[in-house]
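User: Hi! I am new to reading protein structures and would like to learn how to look at features one at a time. Could you walk me through this one?

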Amino acid sequence: MADVNRGNRPLSPHLQIYRPQWTSISSIMVRITGIGCLIASVLVVSWLLAAATSEAAFSAIDGLLRSVLGTLILVAAMWGIFYHMLGRLRHVLWDFGYLVQVPVSEDMAKGMFIGATLLTVFVLVVA
């Protein structure tokens, strides 16, 4: 134990060396959008609670949600919900053993960004 040379061992790869891949970025984004969906649901529940409590509370939160900032938050939340949904669908496919090849997984990760964006634009145009 005493003669172990700790100073000359190679270091493990870390963030300065590691090149992010589409699959790792999409996995991190699924986690972030999950947290974002939780925050957005708290906002929607507070809007519903304000509607049930008083007119002043409702007008305050409704004013926030109808402002430009509120619209941006709700559109971002909608994109996050679609992205998270596509990420969960991807994992269900992986659980069944489908589409687990590396090139296909990377294409699916790119497709999740595109798909969530297209779904969000579709809902904004239709609604």
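User: Is W22 buried, partly exposed or exposed?

Analyst: This is a predicted model, and each value here is computed from it. To judge exposure, look at the relative accessible area: under 20% is buried, over 50% is exposed, and partly exposed is in between. W22 has 39%, so W22 is partly exposed.

User: Which ring does W22 pair with?

Analyst: To read a ring pair, check the distance between centres and the angle between planes; over 60 degrees counts as edge-to-face. W22 pairs with F113, at 5.8 Å centre to centre with 70 degrees between the planes, so this pair is edge-to-face. F113 is partly exposed too, with a relative accessibility of 21%.

User: What does the pair of W22 and F113 tie together?

Analyst: Look at where each partner sits. W22 belongs to helix α1 and F113 to helix α4 (residues 102-126), so their pair ties together parts that are 91 residues apart in sequence.

User: How many aromatic pairs are there in the whole structure?

Analyst: A search finds 5 aromatic pairs. One of them is W79 with Y83, a stacked pair with 5.1 Å centre to centre and 15 degrees between the planes. W79 and Y83 are 4 residues apart in helix α3, about one helical turn. Ring pairs also link W22, W79, Y83 and F113 into a cluster.

User: Is Y83 buried or exposed?

Analyst: Y83 is buried, with a relative accessible area of 0%. Here is the general idea: in soluble globular proteins, nonpolar side chains tend to be buried together.

User: What is V30 in contact with, leaving aside its neighbours within four places in sequence?

Analyst: V30 is in contact with Y83, H84, G87, R88 and M112.

User: How do I read the largest pocket?

Analyst: Start with its space, then ask what lines it. The largest pocket holds about 150 Å³. Its lining includes I32, L43, I73 and W79. The elements giving two or more residues to this lining are α1 (22-53) and α3 (68-95), and α1 gives the most, with 7 residues.

Terms used. Residues are numbered from 1 along each chain as its sequence is written. This is a predicted model: local features need pLDDT of at least 70, side-chain atom pairs count only at pLDDT 80 or more; totals for chains, interfaces and linings use all residues. Side-chain values use heavy atoms; hydrogens and water are left out. On a 1 Å grid over the protein atoms alone, a cavity is a set of points where a 1.4 Å probe fits but cannot get out, and a pocket is an open set with protein on both sides within 12 Å along at least five of seven lines; lining residues have an atom within 4 Å of a point. Grid points are joined across faces, edges and corners, and a volume is the space filled by probe spheres set on the points. Rings of Phe, Tyr and Trp (its six-membered ring) pair if their centres lie within 6.5 Å; planes under 30 degrees apart count as stacked, over 60 as edge-to-face and the rest as tilted. Buried means under 20% relative accessible area, exposed over 50%, partly exposed in between (1.4 Å probe, protein chains only). Contact means heavy atoms within 4.5 Å.
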